[in-house]
Amino acid sequence: MKQIRKVGVLGAGTMGSQIAAHLANAGFSVLLLDVVPDWLFDAEQLKDVKNRNHFALKGLEAAKKLKPAPFALPEFAEAIELGNFTDDLGKLKDADWIIEVVKEDLKIKADLMEKVAAVRQPGAIVSSNTSGISLNTMVKGLPEEFRQHFLGTHFFNPPRYLPLLEITPIAETLPEVAGYMKDFCDRKLGKTVVPAKDTPDFIANRIAVPGVMKIIHVMLADGYTIEEVDKITGKAIGWPKSATFRTLDIVGLDVIGNVVKYLYEHIPADPRRDVLKMPLFVEKMIEKGLLGQKVKKGFYQNVKKPDGGRDIHAINPETLEYSPGRKVSFPSIDAGKGMESTGERIKFLFNGKDRVGEFLRKTLLSTLVYAAERLPEISDDIMAVDAALKNGFMWELGPFETWDAIGVESIVETLKAANEPVPPVVEALLKSGNRSFYQRKSGKTLFYDFKANAYKEAVTPEGVIVLRVLKEQGNVIEESKEASLIDLGDGVACLEFHTKMNAIGPGMISMMKKAAKKVAEDSSFKGLVIGNQGDNFSAGANLDLVKESILNDEFEDIEEMAKNFQNALMGFKYLPKPVVAAPFGYTFGGACEVCLHTARICAAHETYIGLMEFAVGVIPAGGGTKEVLLRNLDLIPKDLPPGTEVDPLPYLARALMTILRPDIKVSASGFAAKQIGHLRDADLIVMNKSRLIAEAKAQVLALAPNYQPPRPRKITLYGARAYSALKAQLYLFRKGGFMSEYDTLIATKVAEILTGGNLSQPVEVSEQYVLDQERKVFMFLCRQKKTQERIAHMLKTGKALRN
């Protein structure tokens with residue numbers, strides 16, 4: 001297969017522009033085209049290329065402003081060339097992949113495909129992002145070679161952040177084309193690729209859309225409120241926090257209306273089709289323009305209060321009027337919060353005798369049954385269905401995993417008691433003597449293949465390491481409640497965190513030391529990976545533990561933990577074998593400090609890394625302040641003519657702001673982390689998080705043969721002149737209202753560490769000297785009432801307090 005280097009994106013609407021942005025994130029040149037708006041401009045105005053490219057330009061500008069940001073870095077937009085279908089379609093001859101993202105209209109798409117067929121180069125791959133229009137019909141009558149290189153590539157919105165990509169070959173698609181695109185989109189775009197069939201709405205939407213409609217119908221019939229439904233259908237059952245109605249507001253009611261209408265029209269033989277009839281109140285909302293987040297009014301409305309704050313109001317389905325949202329509480333959901341297993345919690349809530357259980361037995365059950373009924377129409381593989389819902393709608397468990405969690409036999413009893421039919425797939429499973437869709441045996445996942453009526457082993461993709469599997473296969477070297485040391489094979493060990501939010505406490509620090517000692521002393525090991533496969537790399541220090549120690553006046557314990565953490569990270573830095581960190585997601589505070597002390601960082605594209613300590617009234621004290629200082633001092637030019645002096649102040653000011661401004665110094669992507677300085681030029685960014693551990697292991701093996709740890713070094717502290725200059729900057733921040741009085745106190749303490757304070761002249765000190773100063777200031781701040789208030793506020797609200 002020809003390698004993809006340039007991509008043509010046809011259609012610059014919300015999805016097209018965001019797909020173009022993500023392709024730019026991945027390093028590809030992009031040609032973004034849309035129609036010439038000859039109905040907006042007269043003939044003279046249309047001589048201006050900007051007017052001819054109006055929609056492409058509008059789409060790109062909109063993408064630049066979207067939140068969350070489609071671009072990993074703003075400057076990546078420069079990789080996108082703009083044009084239009086009339087003047088620039090011929091440029092597609094240079095494209096290796098052409099993806100269509102125009103209006104969901106068969107005729108429009110088919111006509112465009114005919115034009116593309118006339119200009120594309122042989123071998124170029126062409127795909128459609130349609131969410132359900134027949135792909136075979138779209139390219140009917142086009143040349144065979146075109147159809148052999150054509151398939152569906154259905155991204156989910158927002159395409160940068162939602163992992164799912166449904167790939168749908170047509171009858172003539174060459175197997176090597178489908179295989180190449182699966183691998184390309186996985187490795188290069190970071191997608192979880194799910195094979196789908198050319199059926200209406202493919203897999204994820206086909207299951208989820210009727211499920212959402214069922215939720216709305218049951219809400220109306222049984223008298224639930226919008227707030228109650230969102231309480232039940234959110235984190236409580238492993239669905240996103242936005243639950244049902246907040247999600248619909250994000251997507252847009254007009255978009256949902258079109259999706260529901262299309263699906264209803266294209267599944268005339270589906271026995272559950274009537275659930276897709278839109279409730280009258282939703283139709284009225286669409287007519288009145290209450291379309292959701294994009295117009296600031298949908299099922300919810302964000303209302304400004306007289307004091308400047310914000311209130312969330314919810315709509316009344318009967319009156320279409322908004323009123324302040326009511327706080328909803330269900331005892332069963334509160335009780336379920338203590339259950340770590342999502343499956344156990346769903347089972348508990350589903351079987352409840354309260355309004356939560358009643359609601360789930362009418363809604364969630366309907367979705368589970370529908371998913372089973374649609375086999376084999378939409379897929380021949382239960383794992384594909386589960387993967388689609390988990391990666392397209394961010395469910396923690398897919399439909400068939402949920403069948404198992406509740407209990408297949410238990411659900412069947414519920415169905416029979418209600419005189420509801422049992423799906424044939426489920427009947428076949430039970431008739432064969434089996435009781436679940438999945439089994440775990442000897443560290444392997446087996447799934448029920450309903451076509452073969454037997455279990456098959458789930459194959460881990462090449463280049464993916466699953467830590468859970470290695471642990472089940474007995475590859476644990478050492479283990480504690482907080483962390484595990486796992487043998488990855490080939491002489492590489494992995495330190496895995498597994499506390500709540502992977503928060504760092506004494507037990508984890510102890511395992512850090514043990515891991516370093518084991519790898520250093522055992523000649524069979526070549527190096528160490530620090531990584532895990534939780535929701536986030538780590539949220540940083542265990543603030544609950546810090547708060548408890550403060551309340552109990554256990555300041556000596558806090559200082560001991562800080563000193564042990566510093567020693568553990570220095571152990572990583574100077575280990576005689578390479579240590580590679582594999583961060584992803586939240587990598588805050590102490591977790592960032594861990595990464596800063598490693599030989600190499602192998603970060604996921606979606607890595608949000610930064611030093612957050614200032615937000616809770618303290619400073620980085622695991623060596624983070626020291627490392628930020630070192631990295632910024634290293635930026636000072638060295639190869640200058642004799643006698644040339646360089647002012648260190650800009651570099652010291654940059655270090656200071658890196659610590660004091662977590663709002664702008666926490667990266668919005670792995671690439672942004674390089675700009676900030678948390679990642680270096682040699683550090684890697686991996687698009688697909690599932691490949692992170694394997695890539696980090698490969699980095700250890702690449703570094704190991706000739707690895708030399710860094711030499712201990714001296715740090716120049718520039719003394720009183722630099723200290724005074726930094727304090728002058730802080731004074732201006734304070735006078736400008738950008739910092740509180742207490743912020744200024746903390747910032748001044750940081751400035752003192754970075755410069756040495758009132759030293760009469762520059763001096764060179766050891767890393768340990770700076771570490772001691774870090775710890776001293778950290779302990780001083782822990783004893784301050786305002787810091788204690790900030791920690792308590794952060795734990796309670798998740799937000800920073802500027803006291």
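Predicted model: local features only at pLDDT ≥ 70, side-chain atom pairs only at ≥ 80, totals over all residues.
Open space in the model can be followed through the second largest pocket, which has a volume of about 550 Å³. Its lining comprises 30 residues, and those that lie nearest the centre of the pocket are Leu596, Glu627, Arg631, Asp634 and Arg680. Helices α27 (624-633), α28 (649-660) and α30 (670-676) each supply at least two of the lining residues, while the largest share, five residues, comes from α27. The lining of this pocket divides into twelve nonpolar, eight polar and ten charged residues.

On the surface, Val35, Trp39 and Leu40 form a nonpolar patch, and together these residues have about 300 Å² of accessible area. Tryptophan 39 is placed in the loop between β2 (29-34) and α2 (49-52), and it counts as exposed because its relative accessibility is 56%, where exposed means over 50%.

The charged side chains remain to be considered. Side chains of opposite charge can pair when their charged atoms come close. In this model the count comes to 49 salt bridges. One of them joins arginine 206 to aspartate 270, with the closest N and O atoms 3.1 Å apart. This pair links distant parts of the chain, since arginine 206 belongs to helix α9 and aspartate 270 to the loop between α12 and α13, 64 residues apart. Arginine 206 counts as buried at 1% relative accessibility, and aspartate 270 is buried as well, with a relative accessible area of 7%.

Another salt bridge brings together the side chains of glutamate 401 and lysine 390, at 3.1 Å from N to O. Because glutamate 401 lies in helix α19 (residues 399-406) and lysine 390 in helix α18 (residues 382-392), the pair ties together parts that are eleven residues apart in sequence. Glutamate 401 counts as partly exposed at 21% relative accessibility, and lysine 390 is also partly exposed, with a relative accessible area of 26%.

A further salt bridge is formed by lysine 697 and aspartate 490, whose closest N and O atoms are 2.8 Å apart. Lysine 697 lies in helix α31 (residues 692-703) and aspartate 490 in the loop between β16 (483-489) and β17 (492-497), so this pair ties together parts that are 207 residues apart in sequence. Lysine 697 is buried, with a relative accessible area of 11%, whereas aspartate 490 counts as exposed at 52% relative accessibility. Elsewhere, Lys6, Glu81, Asp88 and Lys91 are linked in a network of salt bridges.

Technical notes: Residues numbered from 1 in each chain as written. Heavy atoms only, no water. Patch = residues over 30% accessible without salt bridge, like charges linked within 9 Å, V, L, I, M, F, W, Y side chains within 5 Å. Areas by Shrake-Rupley, 256 points an atom, 1.4 Å probe, with all protein chains shown as cover. Salt bridge = Lys/Arg side-chain N within 4 Å of Asp/Glu carboxyl O. Helix = DSSP H or I, 4+ residues; strand = E, 2+ residues; numbered from the N terminus. Buried < 20%, exposed > 50% of the residue type's maximum accessible area, 1.4 Å probe, protein only. 1 Å grid on protein atoms, 1.4 Å probe; cavity = no way out; pocket = protein on both sides within 12 Å on 5 of 7 lines; lining within 4 Å. Points joined across faces, edges and corners; volume = space filled by probe spheres on them. Nonpolar A, V, L, I, M, F, W, Y, C, P; charged D, E, K, R; others polar.
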